[in-house]
Amino acid sequence: MIKKSLFIALLIIAFANPASAELSSEQQAAKIQGIILYNQYKAVSATPFLTIASEAGDHEAQYYLGESLRRKNNYMTPEARKWYEASAAQDDYYSMFQLATAGGDLCAVASKCPSGIKSAGDWLELLIKTAEPHAIKGDAEAMAIMYNAKSVTDP
């Protein structure tokens with residue numbers, strides 16, 4: 001079991017997104033361990049690992065940390081929103097989608113929205129604006145998130 005996890009971790013490192021090259025080897029290992037734990041439905045155990053990579057600025061770790069915190073509490077907390085927003089500021093589609101759908105209007109209620117954002121609908125608009133050019137160019141991930149975003153806007 002440990003050999004299989006180590007092999008998977010090494011594959012992830014080998015084919016990692018170039019944006020994650022900014023992480024030190026320890027931060028990258030923490031990110032991988034955190035994502036593995038999250039995918040094993042161990043969000044509470046994943047949180048310390050994901051925090052290490054999130055604080056280093058990794059948008060994917062920030063998204064997963066936001067997810068872990070939201071799922072642990074069963075609702076969008078200010079801390080989860082903070083990490084989703086940090087990830088969304090780096091054009092992470094999934095974070096924008098969560099802020100538009102799962103977050104309700106927490107930022108509007110708390111009067112602490114990022115610049116240009118006034119509601120969950122604004123997050124959805126930003127997501128579409130960010131993903132659409134990539135979807136037009138054939139990016140499958142952008143197409144998938146656009147499909148989900150459009151299904152929210154089109155009843």
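Modeller: The expected span of a helix is 1.5 Å times one less than its number of residues. Keep in mind that this model is predicted.

Biologist: What span should the 17 residues of helix H8 have, and how far apart are its end C-alpha atoms?

Modeller: H8 covers residues 120–136 and should span 24 Å. Its end C-alpha atoms are 24 Å apart, which agrees.

Biologist: Where in H8 does a kink lie?

Modeller: At Thr-130, shortly before the proline Pro-133. The kink is about 25 degrees. Thr-130 is also one of the buried residues of H8, which include Trp-123, Leu-124, Leu-127 and Ile-128. Just after H8, Gly-138 takes a positive phi of about 100 degrees.

Biologist: How do I read a pair of packed helices, such as H2 and H3?

Modeller: Two packed helices are described by the angle between their axes and the distance between the axes. Here, take H2 (residues 25–39) and H3 (residues 43–55). Their axes come within 7 Å and cross at roughly 150 degrees. The crossing is left-handed.

Biologist: Which residues meet there?

Modeller: From H2, they include Ala-30, Ile-35, Leu-37 and Tyr-38. From H3, Phe-49, Leu-50 and Ile-52 are among them. By class, the contact has nine nonpolar, four polar and one charged residues.

Biologist: Is Ala-102 buried, exposed or partly exposed?

Modeller: Buried means under 20% relative accessible area, and exposed means over 50%. Ala-102 has 30%, so it is partly exposed. Ala-102 sits in the loop between helix H6 (93–101) and helix H7 (106–110).

Biologist: What does Ala-102 touch, not counting residues up to four places away in sequence?

Modeller: Arg-70, Met-76 and Phe-97. The C-alpha atoms of Ala-102 and Ala-120 are separated by 8.9 Å.

Notes:
Residues numbered from 1 in each chain as written. Predicted model: local features only at pLDDT ≥ 70, side-chain atom pairs only at ≥ 80, totals over all residues. Heavy atoms only, no water. Helix = DSSP H or I, 4+ residues; strand = E, 2+ residues; numbered from the N terminus. Bend = angle between axes of the 7 residues up to and from the residue. Buried < 20%, exposed > 50% of the residue type's maximum accessible area, 1.4 Å probe, protein only. Axes fitted to C-alpha atoms, helices over the stretch in contact; angles between N-to-C directions. Left-handed = near helix turned anticlockwise from the far one by under 90°. Contact = heavy atoms within 4.5 Å. Nonpolar A, V, L, I, M, F, W, Y, C, P; charged D, E, K, R; others polar.
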